[in-house]
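User: I am new to reading protein models and would like to work through a few features. Could you take me through some of them step by step?

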Amino acid sequence: MLVTQLLECCEEDLRKDLTRDAGGTVTNSPEDEVLEKMKTLAVRRENIMVARVELHEMQQNQGEGIRSFSARIKGQAGVCKFIMSCPSCSKAVNYTNEVLKHVIVTGILDDIIQLYLLSIHETELEDIIKFVEAKESGKRSAPKMTRSVQAAGSSRSQYKISKSQTVNTSLKCAYCGTARHDKTPPLS
């Protein structure tokens with residue numbers, strides 16, 4: 001029953017290949033054998049070295065946030081199998097996060113953030129991502145802040161301009177005698 005359901009999920013070409021490879025029907029075969037055969041026929045293995053080179057060449061795209069870039073490189077790193085056995089105890093050691101830190105530093109688009117990342121040492125991957133995320137957020141917010149400061153400054157200067165343009169016509173200039181401006185002679 002389960003093998004029949006598996007076969008129903010396959011594309012027509014894969015189903016035909018499975019049947020041909022088995023030399024007839026596969027519905028009576030054990031489920032794990034059918035799954036293994038499906039993997040060998042349908043999944044194309046990628047060269048790990050090619051995947052690693054592609055990972056190290058990845059760059060952050062214009063307008064792409066660090067979280068999106070991180071997700072993209074993590075997906076690529078999943079193919080790379082950055083696992084090795086410890087020479088002392090033979091335990092499997094996954095060093096994917098160490099590689100991802102290097103890819104972020106070399107692939108980040110912003111040169112200023114990149115320089116800062118180059119100056120820090122032992123930091124966890126998530127801490128680097130949070131730092132870059134904060135810097136990107138600040139860069140996006142900065143123009144809004146400068147516009148509001150400029151707007152506040154310009155409204156004050158408009159007030160000063162209008163205040164200085166108010167002419168008291170009842171007073172006459174001590175120098176020229178006209179009522180167009182408000183000048184008093186300096187005290188001597």
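Analyst: Let us begin with a side chain that meets the backbone: the side chain of Asp110 reaches the backbone nitrogen of Ile112 at 2.8 Å, and the backbone nitrogen of Ile113 lies 3.0 Å from a polar atom of that Asp110 side chain. This is a predicted model, in which local features need pLDDT of at least 70 and side-chain atom pairs count only at pLDDT 80 or more, while totals for chains, interfaces and linings use all residues. Residues are numbered from 1 along each chain as its sequence is written, and side-chain values use heavy atoms, with hydrogens and water left out.

User: Is Asp110 buried or exposed?

Analyst: Buried means under 20% relative accessible area, exposed over 50%, and partly exposed in between, with a 1.4 Å probe and protein chains only. Asp110 has a relative accessible area of 17%, so Asp110 is buried.

User: Which residues is Lys101 in contact with, leaving aside its neighbours within four places in sequence?

Analyst: Contact means heavy atoms within 4.5 Å. With those neighbours left aside, Lys101 is in contact with Thr123, Glu124, Leu125 and Ile128. Lys101 is also buried, its relative accessible area being 11%.

User: What does Leu55 touch, not counting residues up to four places away in sequence?

Analyst: On that count, Leu55 touches Ile73, Gln76, Ala77, Cys80, Phe82, Val99, Leu100 and Val103.

Methods: Polar contact = N/O pair within 3.5 Å; in protein donor to acceptor, adjacent residues only side chain to side chain.
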